[in-house]
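I opened this notebook to record what I looked up in one structure. The entries follow the order in which I checked things.

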Amino acid sequence: MPLISHTPAWKSLEQLWDRTAGLRMRDLFEEDPGRCERFSLEECGIHLDYSKNLITDETMQHLMALVRTADLRFWGDSLLRGDKVNNTEGRAVLHMALRNVGDRSYQVDGVDVMPGVRAVLKRMRAFADEVRQGRWLGHTGRPIRDVVSIGIGGSSLGPKMVCNALRPYQSHDLRVHFVSNVDGTQLVETLNGLDPATTLFVIASKTFTTQETSTNADSARAWCLAALQDQAAIARHFVAVSTNREAVIRFGIDPQNMFEFWEWVGGRYSLWSAIGLPIALAIGPDRFDELLAGAYAMDEHFVEAPPERNMPIILALLGIWYNNFGGADTQAVIPYDQYLEHFPTFLQQLDMESNGKRVTRDGVPVDYATGAVVWGQPGTDAQHSFFQLIHQGTRLIPTDFILPLRSQHPLEGHHDKLVANCLAQAQALMRGRTEAEARSELQAGGIAPEVIDRLVPHRTFPGNRPSNMLLVEQVTPKVLGSLIALYEHKVFVQGVVWGVDSFDQWGVELGKQLAGQILADFREIACSAGVDSSTASLIRRYHMAMSD
C-alpha cells in the first residue's frame, strides 16, 4: 500500500493549506453568522465547538476524503472484529469490550470475551464493596483506610488521572495513593504517615516482572513486614492485577485476590479493566460503572455516526491538518478544571506512545510527521506560564480547551472568572489584535505618539491561532468516560491515516532492555562489551559516588 502522502487526497490538502495563508478567522466569523453552529456538535455530554479553526467547508470535505482514502471503515471494522490490528505483536485490541455495557459481541480467535470481562468486573465490584464497607480487614483485624496502587505507565497514569478527576466522588474514609517512579523518594513520601495495619497495596503489572513495579512492590512488602512481623500479613495487605499467577503466589499474594486481564488489553487503554481496581475502590463500583457507560456511549457514537458528524474523527482530522500541512509539531491541552490536572499527562502517553512511530505497519519509513507532542496544564495557571508563546510566538500551537460549565466547588465569583478567562483566551487566540487596534487603544490611554510607535509592535497579536472548545456540564464519571474514549478514538483515527501501528511501543521496550544491561554493569568493574565511552564514564562516576 502506498504511503498516504503519495495519494491525491493528501496532495490536494497540501495545495489547500497554501491557500489557507490568506484566511483570517475573524473575517470568517464576520462573513458567516452560522459558522459556529455549522462547526459544532454535541454528543455524550460533550459540546465540541471547532469553529475557531483555520477551516472552511472545503477544508472539511478534503479532510473527509483523506479518511476515506485511508480506509478508516475497514480498520474500524477490524478493531471491532477482534482482528490482530496490533500486527507487530500479533494481538487484538479490544479495550471497547471492557466497557461494553450493551449487547455488542467481541471475539478473539472466535471466542467471546465478554463472559470473562463481566466475571472480572463482578469480582472487582465485590472486592471494592468489601473494602469500602469495612468488611475487608487487615492482618490485625482493622479495616483498610489507605490504598496504595503500585504500577507504572498505563497501569498507573490512567487510574491516577481518573481518581484525581473524580475526587469529589470519593469517600473521605478511604484514601487512594499512587506510586510509579522507581525513585525511592516517591514510595517513602507516600508511605510517610500511613499505618501498615490499615494499608492495602494493589500491585498492577501484567507480567509481575516490570522492573520499577517489582522494586517498589518489594520495598512496600518489606515496610509492611517490618511492622506486622508475620509473613501471613501479605495476603491481607496485598492484592494483584496481573496475568502471572506463579509470580503472584511467590510474592505471598493469595491467588484468590489476583484480578486478571488479557493480552488484548494495551497498557494505555487499560483503566477500564482490572487495572481500574483503584478507581473502583476510590469512587465505588456504581460510579465505576458510570465511567464505563460514558466510554461505551462514545464508542457507539464513534462506530455509528457518519464521519461528518463524528466527534473523534473531526478532532483527529483537525490535528492532522495542522500537524502535516500546517507544520505544527505540538498540541496543547488546557483543562479549566483543577481536578483534570493529570489529564494532559495521561494524553501524552495515550497519543505519543501510540503514534510516535517512524514506519508504517508494513515497516516502510514515513516521509511525513506522525504523533504530535502533547502538553498542557490547567487554566488559569497556563495563562501565566506558556500562553505568551501561543499568542505571540513563532510556532503554530493548536489548543484544546476543556471547560466544565458547573464547578464542583461553587465559591462565589470563582467559576465566573474561570469561565470568562477560558472563553477570553480562545477568542484572543482567534482574533488577535491588529496594529490599528493596538494603536487606537494606546491613543485612547493618552500615550505620547513616540511611545505608541515603540509599543505598537509589542501589543500587536497575529491571531489566527486555532483552538477547539470542549464544553461539559460537569466532570461526572460518565462524562469523564466519554471524554477519555473521545481521545482514544481520535488517536486511533490518526494512526489509521498515518498507516502506523498505534498499539505497540517498541521504543519503550528498548529502554527497558538497556536499563537491565546497565544495571548488570553496576556489579562489574569493567563494563560489558558494546557500552559507549560516555555511558561507561557515567557508570564509573556512579561507582565512585556509591563507594565514598
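Before starting, I noted one term: a crossing is left-handed if the near helix is turned anticlockwise from the far one by less than a right angle, and right-handed if clockwise. I also noted that the model is predicted.

Entry on a helix pair. I looked up helix H8, residues 157-165, and helix H16, residues 343-355. Their axes lie 9 Å apart, and the packing angle is about 155 degrees. Angles over 145 degrees count as roughly antiparallel, so H8 and H16 are roughly antiparallel to each other. I found that H8 passes H16 in a left-handed crossing. On the H8 side the contact is made by Leu-157, Gly-158 and Met-161, and on the H16 side by Phe-343, Thr-345, Phe-346 and Gln-349. I sorted these contact residues of H8 and H16 into 4 nonpolar, 3 polar and no charged.

Entry on a sheet. I traced an open sheet of 5 strands, with parallel pairing and the order E6-E5-E7-E8-E9. Its edge strands are E6 (175-179) and E9 (258-259), each of which pairs on one side only. Strand E5, residues 146-150, pairs with E6 over 5 bridges in the parallel sense. Helix H10, residues 211-228, packs on this sheet and touches E5, E6, E7 (199-204) and E8 (238-241). The direction of H10 makes about 160 degrees with that of E7. Within the strand pair, I saw Ile-150 opposite Val-179 in E6.

Entry on backbone exceptions. Most residues other than glycine have a negative phi, and most peptide bonds are trans. I noted Phe-208, which is not a glycine but has a positive phi of about 60 degrees. Phe-208 sits in the loop between E7 and H10. Its relative accessibility is 10%, so Phe-208 counts as buried. Asp-109 is not a glycine either, and has a positive phi of about 55 degrees. I placed Asp-109 in the loop between E3 (107-108) and E4 (111-112). Asp-109 is exposed, with a relative accessible area of 62%. I also found a cis peptide bond between Gly-379 and Thr-380, with omega about 15 degrees. Thr-380 belongs to the loop between E11 and helix H17 (387-392).

Entry on Thr-360. Is Thr-360 buried or exposed? At 12% relative accessibility, Thr-360 counts as buried. I located Thr-360 in the loop between H16 and strand E11 (373-375). Leaving aside neighbours within four places in sequence, its contacts are Leu-3, Val-366, Tyr-368, Trp-498, Gly-499 and Val-500.

Notes: Residues are numbered from 1 along each chain as its sequence is written. This is a predicted model: local features need pLDDT of at least 70, side-chain atom pairs count only at pLDDT 80 or more; totals for chains, interfaces and linings use all residues. Side-chain values use heavy atoms; hydrogens and water are left out. Two strands pair if DSSP finds at least two bridges between them. Helices (H or I, at least four residues) and strands (E, at least two) are DSSP runs, numbered from the N terminus. Contact means heavy atoms within 4.5 Å. Axes are lines fitted to C-alpha atoms, for helices over the stretch in contact, and angles run from 0 to 180 degrees between N-to-C directions. Angles under 35 degrees count as roughly parallel, over 145 as roughly antiparallel, 65 to 115 as roughly perpendicular and the rest as oblique. Ala, Val, Leu, Ile, Met, Phe, Trp, Tyr, Cys and Pro count as nonpolar, Asp, Glu, Lys and Arg as charged, and the others, Gly among them, as polar. Buried means under 20% relative accessible area, exposed over 50%, partly exposed in between (1.4 Å probe, protein chains only).
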